[in-house]
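Welcome! Please take a look at the structure below, and then we can walk through some of its parts together.

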Amino acid sequence: AISHQRFKPAKRSIFNTSGASMSEFKLPISGREPAQRIQIGPYPLLEGLGLVMRNLFGPSVDNPVGITFAASGQVCNTIEPVLTLGVGGDVMMMFGRDWQIDSSLRDFFAPCDRVLLNMEGVITDQPKRGPDQKHDARIIPALAQLSDPSKTWLSLANNHSADFGHADCLSSMRQFEQAGYRCFGLQDSPYADLHPALRVVAATQWSNRPSQDLYWLDQTPEQHRRTDCFNLLFPHWSYEMECYPRVSAVAQMQQWLTQFDAVVGHHSHTPQPIALHTVQDARQQLAAYSLGDLCFGLGFKNWPALKHYPYGIVARVEIGRLTADPSRWAIGRLDWSFVDCAASADKRSFTSKLVAGIPYFR
């Protein structure tokens, strides 16, 4: 078991606008800015400049609300388990390099009945521009090393699914589905029933390019909850290169946990705490602020602007009905680990593996 007390900020850093107090935070959340505003990537100008500085000088480790990591291996609630769900972070572009899955990571997901990942970018032959994320067809068999495609769901609700336009987004989705994967997170598929006992709703706060395909967080994802099952929100949200959530993000998380049984987020590229919150009743609810990256083909640790991208978190949770109240759903045992996507000596391939710690947390 990993105790959160081990993970303390390694240093303080700047360029993190933590935002207003929780009482000042107003919903709904939206990154769809007016077209006339100056933007850097999906962000307004000042936010974009902050991201540039955090890439150059290192991720922010400001922790304004004092969020801590939950201990791995603990039983969060007493339940009658129905299924085990595995979740991972952003599947990023490999830039033509091979991606290998270490046996430690395969073994972690082996007990899982279902696996849930965020697929950044699309399979396309179009040329890459700037921060675009694209894959070649090798990403499909690479993913199959992690878990069987028939039990793996891919969320497309993120800021890179629209990088190459409508046609390539749909074409990429069809290629994954022909290989046995299930895709969701678009306007006509905002949710997926991974199991009769589990519904996942996926939505994004950001898109690098205008898109009518994506399902957005300001479209009230709670409307897609299903009765008599476990409801999980899988949002692509908040800000990049920050190791802890802002005040506004914690407020948003608390609000979501009054509507969903758990929230597992992504987008920050650096991992953020996988925590437990008790919001509206006696249950301990999973609040994973961001799982970071599962892989990235330029995460060289001696390259200043890119060395922050090889790290992520994977988690495994039991889901079932509360023993004391079978009308309610909750998580039981929680296991998680940091992940390092490490380059080979010749820099021609990367291998994702479980690790005990990463640079940002002691």
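## Strands side by side

Strands β12 (residues 198-204) and β13 run parallel and are joined by seven bridges. Along this pairing, A202 stands opposite F234 of β13. Please keep in mind that this is a predicted model.

Both strands belong to an open sheet of six strands, in the order β11-β12-β13-β14-β16-β15 and with mixed pairing. Its edges are β11 (191-195) and β15, each of which pairs on one side only. From one strand to the next, the twist averages 25°. As a general point, strands of a sheet pair through backbone hydrogen bonds, either parallel or antiparallel.

## A covered helix

Next comes helix α5, residues 247-256, which is mostly covered, with eight of its ten residues buried. Those buried residues are V247, S248, A249, V250, A251, Q252, M253 and W256. What covers them includes several strands: β13 (230-236), β14 (262-264), β15 (274-277) and β16 (285-288).

Strand β16 also holds Q285. Is Q285 buried or exposed? Its relative accessible area is 1%, and because buried means under 20%, Q285 counts as buried. Leaving aside residues up to four places away in sequence, Q285 touches L257, F260, D261, A275, L276, H277, V279 and Q280.

## Aromatic pairs

Across the whole structure, a search finds 18 aromatic pairs. One of them joins F95 and F296 edge-to-face, at 5.7 Å centre to centre and with 85° between the planes. F95 lies in the loop between β4 (79-91) and β5 (98-101), while F296 lies in the loop between β17 (293-295) and β18 (311-322), so this pair ties together parts that are 201 residues apart in sequence. F95 counts as partly exposed at 25% relative accessibility, whereas F296, at 5%, counts as buried.

Why is the pair of F300 and W303 called tilted? The ring centres are 4.6 Å apart and the planes stand at 55°, so the pair is tilted. F300 is buried, with a relative accessible area of 3%, but W303 is partly exposed, with a value of 35%.

Where does the charged end of R246 sit? You will find it over the ring of Y239, 3.8 Å from the ring's centre. R316, in turn, lies over the face of F108, at 4.5 Å from the ring centre.

Conventions: Residues numbered from 1 in each chain as written. Predicted model: local features only at pLDDT ≥ 70, side-chain atom pairs only at ≥ 80, totals over all residues. Heavy atoms only, no water. Buried < 20%, exposed > 50% of the residue type's maximum accessible area, 1.4 Å probe, protein only. Helix = DSSP H or I, 4+ residues; strand = E, 2+ residues; numbered from the N terminus. Contact = heavy atoms within 4.5 Å. Pairing = 2+ DSSP bridges. Axes fitted to C-alpha atoms, helices over the stretch in contact; angles between N-to-C directions. Phe/Tyr/Trp six-rings, centres within 6.5 Å; stacked < 30°, edge-to-face > 60°. Lys NZ or Arg CZ within 6 Å of the ring centre and 35° of its normal.
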